[in-house]
Structure formats: C-alpha cells, structure tokens
Amino acid sequence: MPRAGLSRDAVVRIALEQVDAGGPTGLADLTLAKVAASAGVATPSLYKHVGSLAALRRHVALVALEELTTASAAATVGRAGPDALRALAHAWRAYASAHPGRYAAVQLAPDPEAAEDAEHRTAAARVVALVGAVLHGFDLPDDRTIDAVRVVRAGVHGFVVLELGGGFRLPEDLDRSFDALVDMLVTGVTALADAPSSPDPQEQP
C-alpha cells in the first residue's frame, strides 16, 4: 500500500535506510525505483519530493555530513592536541562501522560552482573546519594545516574503507592496528608542526 503523507524527508529516510542496509556499496546501488518500491508508490511519484537520483544522493550526503559532524564534535569537545585527534579518528571509524552507506555518502564532493550544491558545500566545509579546529591544538603553521587535514582524512578513510570492504584478512587485532595508524598520524602531524614553513616563492634569497 502507498505510504500516507509521503514527503521529501520520508523519501530521504527510506534512502538512508537502504544505503546502510547495502553496506559500503549501498550508495552506489541506490535507485529511485528501489526507494519507490519501499514507499509503496510508482517511481514518478518521487519526483515531486526529489527531482532526481543525484538530488536524492545529495540529500543523503547532507544528512550523513551533519551526523558525522555532530558525532565528531561530541567526541572531541574538551580535548586538544593528540587526544582530540585520536578521539576524532575513533569517532569517524565508529560512524563508518554503524552507517557504512552513509559514510560512503560523506565522500561525495559537491560541485564548487553549482547553485544546487550550496548547502552541500556548506555541510562539507563544516567537517573540514572541525578537523582544522582539532588540528589547531598542534600549533600548525597556516600553510601546513590543509596538508594535515588531507593526511588525517586519507589515513583514517583508507583504513576504514579497507576494513568495511573486508580488505584485512590476517588474524591480528584490527583495533590495535587502527591505534597504530592513529599514533602514526599524531606523530606525522606533530612533525608538520615542527617543520619549517615553506618559503614564499616571491621572496628573494
């Protein structure tokens, strides 16, 4: 039977359930037809609520980004430096484990020019700003902060994706390995903070 009172929020909730149920590939496998079937309506009925599959994925990404930002902020509040970075990394891993499909949606990059991606850009910027705030405790030079943000994101994301995809098959404890990764990230960010700033190419020797 069709669901009464179908709305955009209801359609997005169904999509969120489906992407998580599908695991790491849930977002890639999301279709309007599947969402319509779960809602008990014909696919064209969704267009009054979400204009396209791309729009629906964008709505899923927005929810995921907001959830990840909230979880990260809660984990790092009152912490600084290495302690905050460790808390952030574990919060990301926990979110990805609990919501693998939504975590995949976090990785969707908004179009830097498209007007319809404005809200998506803002949500993505909040995550980056939060990571920057965590790394602020390392007293990084301004010209190395983005390097540190990228390194932390790449390190944690790489581990999480391999873990979710079953890429670690050896019997050694994964929690211990993740702790080792985070220790390396802390050491690396600390080294960036201690490294001399890059010279201005316009300055004369």
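**Figure 1. Asp139 in the loop between α6 and α7.** In this predicted model, Asp139 sits in the loop that links α6 to α7. Its phi is near 55 degrees, a positive value in a residue other than glycine. Asp139 is exposed, because its relative accessible area of 63% passes the 50% cut-off. Helix α6 covers residues 118–136, and α7 covers residues 142–164.

**Figure 2. Packing of α7 on α8.** Helices α7 (residues 142–164) and α8 pack with their axes 10 Å apart, at an angle of about 170 degrees. Therefore α7 is roughly antiparallel to α8. By class, 11 nonpolar, two polar and three charged residues form the contact. From α7 come Arg144, Asp147, Ala148, Val151, Val152, Gly155, Val156, Phe159 and Glu163. They meet Leu174, Ser177, Phe178, Leu181, Leu185, Val189 and Leu192 in α8.

**Figure 3. Crossing of α4 and α8.** The axes of α4 (residues 81–98) and α8 (residues 174–194) come within 10 Å. They cross at roughly 140 degrees, which means that α4 is oblique to α8. The crossing is right-handed. Nine nonpolar, one polar and five charged residues make up this contact. On the α4 side are Pro82, Leu85, Arg86, Ala89, His90 and Arg93. Their partners in α8 are Leu174, Asp175, Phe178, Asp179, Val182, Asp183, Leu185, Val186 and Val189. Residues in α8 that meet α4 include Leu174, Phe178, Leu185 and Val189; these four residues also meet α7.

**Figure 4. Helix α1 and the elements around it.** Helix α1 runs through residues 8–21, 14 residues in total. From its first C-alpha to its last, α1 reaches 20 Å, close to the 20 Å expected at 1.5 Å a residue. Its buried residues are Ala10, Val11, Val12, Ile14, Ala15, Leu16, Gln18, Val19 and Asp20. An α-helix has 3.6 residues a turn, so residues three or four places apart point the same way. The buried residues of α1 pack against α2 (32–39), α3 (53–76), α4 and α5 (100–106). After α1 comes Gly23, with a positive phi near 70 degrees.

**Figure 5. Helix α3 and its cover.** Helix α3 has 24 residues. It reaches 34 Å from first C-alpha to last, close to the 34 Å expected at 1.5 Å a residue. Buried in α3 are Ala55, Leu56, His59, Val60, Ala61, Leu62, Ala64, Leu65, Leu68, Thr69, Ser72 and Thr76. Their cover includes α1, α2, α4, α5 and α6 (118–136).

**Figure 6. Ala71 in α3 and Gln18 in α1.** Ala71 lies in helix α3. Its relative accessible area is 30%, so Ala71 is partly exposed. Gln18, in contrast, is one of the buried residues of α1. Ala71 and Gln18 are 53 residues apart in sequence. In space, 21 Å separates them, C-alpha to C-alpha.

**Figure 7. The whole protein, for orientation.** The protein has eight helices and zero strands. From the N terminus, its elements run α-α-α-α-α-α-α-α. Its C-alpha atoms fill a box of roughly 70 × 50 × 30 Å along the principal axes. Of the 205 residues, 39% are buried. Among contacts between residues at least 6 apart in sequence, 70% join residues at least 24 apart.

Definitions and conventions: Residues numbered from 1 in each chain as written. Predicted model: local features only at pLDDT ≥ 70, side-chain atom pairs only at ≥ 80, totals over all residues. Heavy atoms only, no water. Axes fitted to C-alpha atoms, helices over the stretch in contact; angles between N-to-C directions. Helix = DSSP H or I, 4+ residues; strand = E, 2+ residues; numbered from the N terminus. Parallel < 35°, antiparallel > 145°, perpendicular 65-115°, else oblique. Left-handed = near helix turned anticlockwise from the far one by under 90°. Contact = heavy atoms within 4.5 Å. Nonpolar A, V, L, I, M, F, W, Y, C, P; charged D, E, K, R; others polar. Expected span 1.5 Å × (residues − 1). Buried < 20%, exposed > 50% of the residue type's maximum accessible area, 1.4 Å probe, protein only.
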